[in-house]
Amino acid sequence: MKLAVTAPDRLTVRTVPIPDPGDLIARLPHPSALAWIRHGQGIVGWGEAARLTLPGGHDRFDAAARMLRDLFDAAAVDDTVNVPGSGPVAFGTFGFDPKSPDSTLIIPRRVLGRRDGHAWLTTIGDDTDPLTLANPPQAPTGLRWSDGALPEHAWKHAVATAVDRIRRGHLRPDTAPPPPRPADNTGHLGKVVLARDLTVRADTPIDARVLLQRLAARYPGCYTFSCAGMVGATPELLIRRTGGDIESLVLAGTTARGDTPADDQARAARLFTSPKDREEHRYAAEMVRDALTPLCAHLTVPDEPELLTLPNVLHLASPLRGRLAADRSVLDVVAALHPTPAVCGTPTDTAMDLIRELEGMDRGRYAGPVGWIDARGDGEWGIALRCAEIDGTRARLFAGCGIVADSDPDAELAEARAKFRPMQYALHG
């Protein structure tokens with residue numbers, strides 16, 4: 001696949017302040033929704049002023065940034081709001097694997113936004129009323145579920161194989177394992193993230209707006225997103241750029257919520273003190289620190305993780321904050337970060353090879369970057385987790401788990417089931 005660009009020679013963009021629009025998702029006029037919402041704030045979009053479809057390759061983020069810069073620089077922009085997300089904006093979703101051609105960026109014809117007391121409407125092209133509800137959302141019906149690439153028993157076998165490879169230093173099965181040691185730069189495998197998928201079919205085409213409404217209501221602290229059929233609510237902020245300031249939230253180490261407050265508290269304590277989960281988290285946090293340090297004039301990294309509590313799971317979390325040393329767009333920082341050990345493993349190339357060998361599927365855009373960028377280079381990008389890829393009447397759900405030397409296949413399967421629940425709820429209600 002070659003880089004494909006569908007765009008006019010010049011974008012004519014107008015952003016104006018508006019009264020508070022209320023529920024942003026409820027304003028989306030038809031199912032082909034674009035969205036990035038957290039705690040009711042963010043942006044939604046619809047229509048297409050331009051679309052970029054990118055081939056695979058390690059340079060896909062750089063190629064996207066260059067093409068968007070050309071489109072934005074040539075645009076005629078009238079923006080009286082001038083906040084992150086106003087003016088022309090591109091929503092994007094990238095393939096997880098550099099070999100995947102499944103990456104798309106869309107500049108919508110309409111963007112409705114709300115942030116820090118500001119509300120605005122951006123229009124590209126004609127100035128007709130964009131807020132008319134063309135197609136009322138319809139909940140999916142007649143859902144029929146099936147396994148994806150691997151049934152549960154086969155996926156547990158893949159986990160067991162990964163554990164064995166980690167313990168043996170990723171050597172051949174007939175080779176005696178070396179003494180345990182942490183991952184290093186010699187190719188010794190310390191962690192790999194294995195994902196599995198589920199498939200569901202509905203009687204009629206699945207409306208992304210229904211899923212967005214349900215996810216935003218149940219998981220308000222997550223980033224509820226939709227772009228080119230990829231819909232979900234991710235807890236993980238890969239990077240936010242606001243001027244020269246950046247923020248990232250690393251999540252690795254997970255347990256399901258308890259059935260009672262006492263059980264919940266006990267699970268949280270076990271997670272926080274678990275050597276296995278702390279090791280998994282350390283890999284992810286250190287990689288993000290190492291990737292951001294060369295880009296930053298200063299960077300604040302916590303000494304130990306904190307607990308992030310979501311309705312269905314508990315995570316170990318490390319928030320990082322910094323100041324960029326040079327003028328880099330948010331996509332430049334995304335390129336430096338992806339893929340993190342939280343969704344791939346460490347060392348990256350070794351883990352990626354094992355994912356290709358054991359998962360039995362192409363992840364597509366699952367666990368890839370998803371988010372938005374504006375003409376200033378500001379933006380917010382998460383990792384596409386707790387999500388599904390919607391294609392007409394079909395949806396493909398994903399869940400992944402970090403595998404280290406002490407991982408147990410049954411426990412990892414239970415964790416994957418917990419991570420499927422947000423999207424299962426979004427579909428069933």
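User: Over the ring of which residue does the charged end of arginine 278 sit?
Analyst: This is a predicted model, in which local features need pLDDT of at least 70 and side-chain atom pairs count only at pLDDT 80 or more, while totals for chains, interfaces and linings use all residues. Residues are numbered from 1 along each chain as its sequence is written, and side-chain values use heavy atoms, with hydrogens and water left out. A charge sits over a ring if NZ of Lys or CZ of Arg is within 6 Å of the ring centre and within 35 degrees of the ring normal. Arginine 278 has its charged end 4.9 Å from the centre of the ring, which belongs to phenylalanine 272.

User: Which residue has its face under arginine 218?
Analyst: Here too a charge lies over a ring. Arginine 218 is at 3.7 Å from the ring centre of tyrosine 425.

User: Which residues touch the most other members of the largest nonpolar core?
Analyst: A nonpolar core is a set of buried Ala, Val, Leu, Ile, Met, Phe, Trp, Tyr and Cys residues joined through side-chain atoms within 4.5 Å. Buried means under 20% relative accessible area, exposed over 50%, and partly exposed in between (1.4 Å probe, protein chains only). The largest core has 128 residues. Those that touch the most other members are Ile107, Val192 and Leu194.

User: Which glycine is in contact with isoleucine 107, leaving aside neighbours within four places in sequence?
Analyst: Contact means heavy atoms within 4.5 Å. The partners of isoleucine 107 include Leu11, Leu68, Leu71, Phe72 and Ile124. Among them is also one glycine, Gly47.

User: Is glutamate 280 buried or exposed?
Analyst: Glutamate 280 is placed in helix α5 (residues 275-292); helices (H or I, at least four residues) and strands (E, at least two) are DSSP runs, numbered from the N terminus. Not counting residues up to four places away in sequence, glutamate 280 touches Lys191, Ala252, Gly253, Gly402 and Val404. Its relative accessible area is 4%, so glutamate 280 is buried.

User: Which residues are linked with Glu280 in a network of salt bridges?
Analyst: A salt bridge is a side-chain nitrogen of Lys or Arg within 4 Å of a carboxyl oxygen of Asp or Glu. The whole structure has 35 salt bridges. The network with Glu280 holds Lys191, Lys276, Asp277 and Glu412.

User: How many residues apart are arginine 417 and glutamate 152?
Analyst: These two form a salt bridge, with the closest N and O atoms 2.8 Å apart. Arginine 417 is in helix α8 (residues 409-428), and glutamate 152 is in helix α2 (residues 152-167). The pair links distant parts of the chain, with a separation of 265 residues.

User: What is the N to O distance in the salt bridge of glutamate 247 and arginine 321?
Analyst: At 28% relative accessibility, glutamate 247 is partly exposed. Arginine 321 is partly exposed as well, at 48%. Their side chains meet at 3.9 Å.

User: What is the angle between the planes of tryptophan 36 and tyrosine 223?
Analyst: Rings of Phe, Tyr and Trp (its six-membered ring) pair if their centres lie within 6.5 Å; planes under 30 degrees apart count as stacked, over 60 as edge-to-face and the rest as tilted. By this rule there are four aromatic pairs. Tryptophan 36 and tyrosine 223 form a stacked pair, 5.2 Å centre to centre, with an angle of 25°.

User: Why does the pair of phenylalanine 94 and tryptophan 381 count as tilted?
Analyst: Tryptophan 36 and tyrosine 223 were both buried. In the pair of phenylalanine 94 and tryptophan 381, the ring centres are 5.8 Å apart. This pair is tilted because its planes stand at 50°.

User: What is omega of the peptide bond from threonine 346 to proline 347?
Analyst: Most peptide bonds are trans. A cis bond joins histidine 338 and proline 339, with omega about -5°. The bond from threonine 346 to proline 347 is cis too, with omega near -10°.

User: What is phi of alanine 367?
Analyst: Alanine 367 lies in the loop between α7 and β21 (369-374). At 1% relative accessibility, alanine 367 is buried. Its phi is positive, near 70°.
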